[in-house]
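Please open the model in your viewer and keep the selection tool at hand. This tour moves from one selection to the next and says at each stop what is there.

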Amino acid sequence: WPTDTVHLYFGLQEAGYHPILARVTDRKDVKEKKFGRGINIVEVPLYVGKSWVEKLPSFVVVSAPKQAEYTQELVKSGAGLLVHDPTEWKGGCLTSAFEDSRIPILVHRKAVAEKLRELGVESFLALHPYKAIGFGAGKPTQTERQWKAVSISRVDFDKRTHTIAEANESLDDEHKIHIYGALNRIYEYHQLRQAFPEWKRNYYGKFSSESVWAAVGICEQSKAMVDMSVIKGDGGGTQMTTLEAIDAGCSIILNKEWLTGDPDIDEVESVATFVTTASELADAVREHKPIDKKAALELMRRHDAKLIAEQLVGWLKQ
């Protein structure tokens, strides 16, 4: 969500707006801090957040379960609400916010809209916003790239990093998948380390948050980007990794379980190679199927940050 938020922030700026990124906390005063990725965030007490929402077009970009009470209060005051995937309303923590929202809930993927519809919740689809820096233009050519594949997702349960670690065990040094991303230490200790004690030989740590395009810079060194994510009740559409890989001129390898089987939902089907097992992943890295450039360019145009920002402003005004 931080990457998504910053691309939307830049899109709003390009559309002529002056966005403020704020976080409601239990603090008593207002304090501005660095958010990273080139922007700042303002931490505010709830009463200040509610007063801003009442005066300015606003929406909540992420709601953690422990902050659901804040979300409900902001939505009651008129804020819109963005949900990224079904894990955010797990256990019914956002039920009251859904009921109190004056406008449809915002989603980035059709599969999420379908899950909300099953709950009787109306939603508005706005694709992931993305401010591109070149679609691979001027980047290293495929022959100049030093790696065969990278992973830029979090190292976590739903990212299926263990499938990547297993594939690496059968790949020679030239084809190893370089793993980057924030580490879930519980997952690493209980699953990754137990099954693949040497997995960290191919782990290069968390990348910088100084630039929202840091992951693009990593992908520019590789021919392919691997994302083995599976999220229950979700799939088919883009994640930020998909857009970052296209921007870097990478081909894309995704988990076949990410597809829903519905062509209206499976937006990424035309731009990626799909695998299920570690063996299939290893084969895909070795064989390297180039991306369909025409399909990739069309997908990026649909996700243009300025275009999405303008759609969101219209959504807030309805």
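Begin by selecting Val-271, which, if its neighbours within four places in sequence are left aside, is in contact with Thr-242, Ile-252, Ile-291, Ala-295, Ala-296 and Leu-299, where contact means heavy atoms within 4.5 Å. Before going further, note that this is a predicted model, in which local features need pLDDT of at least 70 and side-chain atom pairs count only at pLDDT 80 or more, while totals for chains, interfaces and linings use all residues. Residues are numbered from 1 along each chain as its sequence is written, and side-chain values use heavy atoms, with hydrogens and water left out.

**The nonpolar cores**

A nonpolar core is a set of buried Ala, Val, Leu, Ile, Met, Phe, Trp, Tyr and Cys residues joined through side-chain atoms within 4.5 Å; buried means under 20% relative accessible area, exposed means over 50%, and partly exposed lies in between, with a 1.4 Å probe and protein chains only.

**The five-stranded sheet**

In which order do the strands of the open sheet of five strands stand? The order is S9-S8-S10-S11-S12, with parallel pairing, and two strands are said to pair if DSSP finds at least two bridges between them. Strand S9 (177-179) and strand S12 (273-275) stand at the edges, each with a single partner strand, so one side of each is left without a neighbour in the sheet. Neighbouring strands of this sheet are turned by 30° against each other on average, direction ignored; axes are lines fitted to C-alpha atoms, for helices over the stretch in contact, and angles run from 0 to 180 degrees between N-to-C directions.

Select S8 (residues 147-151) together with S9, which pair in the parallel sense over three bridges, and look for Ser-151, whose bridge partner in S9 is Ile-179. Next, show helix H9 (residues 240-248), which packs on the sheet, touching strand S10 (222-227) and strand S11 (251-255), and whose direction makes about 175° with that of S10. Helix H10 (residues 278-287) also packs on the sheet, where it touches S8, S9, S10, S11 and S12, and its direction makes about 150° with that of S12.

Move to helix H2 (residues 46-55), whose buried residues are Val-48, Gly-49 and Val-53. Seen down the axis of H2, these buried residues fall within an arc of 135°, so they line one face of the helix; the arc is that of the directions from the helix axis to the C-beta atoms. They pack against strand S1 (22-25), strand S3 (39-45) and helix H3 (68-76), whereas on the other side of H2, Tyr-47, Glu-54 and Lys-55 are exposed.

**Salt bridges**

A search of the whole structure finds 18 salt bridges, a salt bridge being a side-chain nitrogen of Lys or Arg within 4 Å of a carboxyl oxygen of Asp or Glu. Select Lys-33 and Glu-43, whose side chains meet in one of them (3.5 Å, N to O). Lys-33 lies in strand S2 (residues 31-36) and Glu-43 in strand S3, so the pair ties together parts that are 10 residues apart in sequence. Both residues belong to a network of salt bridges that links Arg-23, Arg-27, Asp-29, Lys-33 and Glu-43.

Then select Arg-302, which forms a salt bridge with Glu-267, the closest N and O atoms being 3.2 Å apart. Arg-302 lies in helix H11 (residues 293-302) and Glu-267 in the loop between S11 and S12, so the pair ties together parts that are 35 residues apart in sequence. Arg-302 is partly exposed at 32% relative accessibility, whereas Glu-267 is buried, with a relative accessible area of 15%.

Conventions
Helices (H or I, at least four residues) and strands (E, at least two) are DSSP runs, numbered from the N terminus.
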